[in-house]
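Thanks for making time this morning. I would like to walk you through some ring contacts and then some pockets, so please keep the picture in view while I talk.

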Amino acid sequence: MGYKPLDGIKVIELSTYVAAPACGRLLKDWGARVIKVESNKGDAWRTFGSTHNVIAKEDENPFFDIINSGKESIVLDLKSEEGKEILFKLLEDADVFLTNTRPQSLRKLGLDYESIKDRFPKLIYSTITGFGECGPDVNNPGFDVVAFWGKSGFLNDISIDTGSNYPMLSPTGVGDVACGTSLFGGVCAALFARQKTGRGDYITVSLFGGAIWIMGFMYLRAQERYGDPFPKTRQSSLPMTSPYRCKDGEWLLLSILEHERYFATLCRAMGLNDVAEDPRFATKFDAEKNKKELFGILEKRFAEEDCAYWRKVLTENDIVNDRLSHFKDVVTSEQAWANNYLTHAKFINGEECVMPCTSIRSQNMGVPDYSRGPLLGEDTRKVLAELGCDEKTIDALENTGAVSSHK
């Protein structure tokens, strides 16, 4: 493992669930020390895996570990003066304060940016909100299922309209991780700027704002000025960039963006020589005008052979395509393993699973090591000792409930 760009950076993370912890995971991978501050109940995400049939126990907790790998955990009661003062003590030499705590709760605790910026002028204060800093939804809770997927229009308009369609189900944590990754970039830029100015900064990302940026092309298409209505039907999509069901029930996705260059090649590769010369499909615009007929021709032909057959034939003819994978397929993907996008995680109980990894790479740094997330309060006593507390003082703080350590 080479030199890590964030070696020596200290991050205090006051967060729960996924979005801010995902940013903290990236900061840790890139060399920062990340101290996660939790209540004595712990981050609610510690128990969430069981919702999706994934084990969520202390000795095996992959849902928690994936975004908390390598962090330290300290338990503080921030409603107590002693607990709050310990947090302030931690911030004295911290470089980054990372949180997704709701703004009104931060103000109530005296931990909002305006309350502490003068006390810690070099601190990079970084936060993820649901809906932004202003507006009627500013204080609403902002899980990604609502703020990223629901409010963005994705769940409603990306469903295929069959006349009795349901909105899509939101994938777990995807909006959170996307926005957490964006925040990682902002934090790194602020740390770089601080080297020049000596000043901290306030860096913020919202789930709703992140969705608007990530799905920006959709909002351009959907404007009345451009007239691209949603949701789509099968017939309102484009034949050259649509999936087709093959004989074995698997789906193959075409991605032909240059119709005039590749259409005839596609047809000949599929044994549809007459279609290659059909004037109804000669140009992109011709094909779009007659797409109902073209869909019918392609759907019938794809259904005559298995997906693997079509993958081989089309790839040999330089036609961009791929089988629509299942989630379960990716954990055995040769391509993913070759690029270290996956690793084996070993749990305290001796069991293992395949763990996805962060994917930003640095040649100088190499591939970040993976380690489990911290047990609740596992590092409380160690961190307090680093702040100058002796054993007697730590015992007294535990007796008052201001701090807790793992038992």
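The charged end of R119 sits over the ring of F88, at 4.3 Å from the ring centre, where sitting over a ring requires NZ of Lys or CZ of Arg to be within 6 Å of the ring centre and within 35 degrees of the ring normal. K151 has its charged end over the ring of F208 in turn, 5.6 Å from the centre of that ring.

Before I go on, please note that this is a predicted model, in which local features need pLDDT of at least 70 and side-chain atom pairs count only at pLDDT 80 or more, while totals for chains, interfaces and linings use all residues. Residues are numbered from 1 along each chain as its sequence is written, and side-chain values use heavy atoms, with hydrogens and water left out.

The structure holds 18 aromatic pairs, and a pair here means rings of Phe, Tyr or Trp (its six-membered ring) with centres within 6.5 Å, called stacked if the planes are under 30 degrees apart, edge-to-face if over 60, and tilted for the rest. One of the pairs joins F97 and Y125, edge-to-face, with 5.2 Å from centre to centre and 70° between the planes. Because F97 belongs to strand β4 (residues 96-99) and Y125 to strand β5 (residues 124-129), this pair ties together parts that are 28 residues apart in sequence; strands are DSSP runs of E with at least two residues, helices are runs of H or I with at least four, and both are numbered from the N terminus.

Are F97 and Y125 buried or exposed? Both F97 and Y125 are buried, which is to say under 20% relative accessible area, with exposed meaning over 50% and partly exposed in between (1.4 Å probe, protein chains only).

W149 and F154 have ring centres 4.9 Å apart and planes at 65°, so this pair is edge-to-face as well. W149 is buried at a relative accessible area of 6%, whereas F154, at 23%, counts as partly exposed. Elsewhere, Y17, W45, F48, F63 and F143 form one aromatic cluster.

Let me finish with α4, a helix at residues 103-109. α4 gives five residues to the lining of the second largest pocket, the largest share of that lining, and a pocket is an open set of points on a 1 Å grid over the protein atoms alone, where a 1.4 Å probe fits and protein lies on both sides within 12 Å along at least five of seven lines, its lining residues having an atom within 4 Å of a point.
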